[in-house]
Amino acid sequence: MIRMNKFIVSFFMMTLVAGLLLFAAPSTTKSLSVEAQQSYYMRRVVRNGRVRYVRVAKPSYYRRHRNRINMAVGTGGGALIGGLLGGGKGALIGAGVGAGSSALYTYKFNKKKRRYVKVRRY
């Protein structure tokens, strides 16, 4: 009976969280303020050394927050697998292992930094 109550309460909580995501999603109607945020100006240095500001499109949400998203997914995945295999203590250990492995992947193996190469034409 106690397990059934825990299941019902956890199912109810997950349903509430899923329902809140509907309100957190951005609206599909475009207002004036939303259109103004779709692009911004980027500083470009031209060949002769002058600085120009070029209007470019705003990067995607994933591109702007790549490291945070990868860390969260790795930690959550590790906690899920650890929880399935070892219960509560396994979830804690799995979260630690997932965070460490996702940090290793994000910051060491798959860096996404822009590389600037000076091209010399002789």
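Guide: A residue is called buried under 20% relative accessible area, exposed over 50%, and partly exposed in between (1.4 Å probe, protein chains only). Take Arg44, whose relative accessible area is 40%: that value is why Arg44 is partly exposed. The model is predicted, so local features need pLDDT of at least 70 and side-chain atom pairs pLDDT 80 or more, while totals for chains, interfaces and linings use all residues. Residues are numbered from 1 along each chain as its sequence is written, and side-chain values use heavy atoms, without hydrogens or water.

Visitor: Which elements does the protein chain have, and in what order do they run from the N terminus?

Guide: Helices (H or I, at least four residues) and strands (E, at least two) are DSSP runs, numbered from the N terminus. The protein chain has four helices and two strands, in the order α-α-β-β-α-α. Helix α1 covers residues 2–24 and includes Ile8. Because its relative accessibility is 46%, Ile8 counts as partly exposed.

Visitor: How much of the protein chain do buried residues make up?

Guide: Of the 122 residues in the protein chain, 10% are buried. The chain exposes about 11,400 Å², and 64% of that comes from carbon and sulfur atoms. Such areas come from the Shrake-Rupley method with a 1.4 Å probe, and for residues only the protein chains shown count as cover.

Visitor: Back to Arg44, then: which residues does Arg44 touch?

Guide: Contact means heavy atoms within 4.5 Å. Arg44 sits in strand β1 (residues 39–45). Setting aside residues up to four places away in sequence, Arg44 touches Arg50, Val51, Arg52, Val54 and Val56. Its C-alpha is 6.8 Å from that of Val54, ten residues away along the chain.

Visitor: And from the side of Val51, which residues are in contact?

Guide: Val51 belongs to strand β2 (residues 51–57). Beyond neighbours within four places in sequence, Val51 is in contact with Arg43, Arg44 and Val45. Because its relative accessibility is 37%, Val51 counts as partly exposed.

Visitor: How far apart are the end C-alpha atoms of helix α4?

Guide: The expected span of a helix is 1.5 Å times one less than its number of residues. Helix α4 (residues 66–109) has 44 residues, and a straight helix would reach 64 Å, but the end C-alpha atoms are only 14 Å apart.

Visitor: Where is the kink in α4 centred?

Guide: The bend at a residue is the angle between axes fitted to the seven residues ending there and the seven starting there. In α4 there is a kink of about 150°, centred on Gly86. Look at Gly83, which also lies in α4. Gly83 touches Gly90 and Ala91, not counting residues up to four places away in sequence. The C-alpha atoms of Gly83 and Ala95, twelve residues apart in sequence, are 9.0 Å apart in space. At 28% relative accessibility, Gly83 counts as partly exposed.

Visitor: Which residues of α4 are buried?

Guide: An α-helix has 3.6 residues a turn, so residues three or four places apart point the same way. The buried residues in α4 are Arg66, Asn70, Gly74, Gly78, Gly82, Gly90, Gly94, Ala95, Gly98, Ser102 and Thr106. What covers them includes α3 (61–64).

Visitor: What is the distance between the C-alpha atoms of Lys111 and Asn67?

Guide: They are separated by 9.5 Å, although the two residues are 44 residues apart along the chain. Lys111 is found in the segment after α4, and its 44% relative accessibility is why Lys111 counts as partly exposed. For the chain as a whole, consider contacts between residues at least 6 apart in sequence: 30% of them join residues at least 24 apart.
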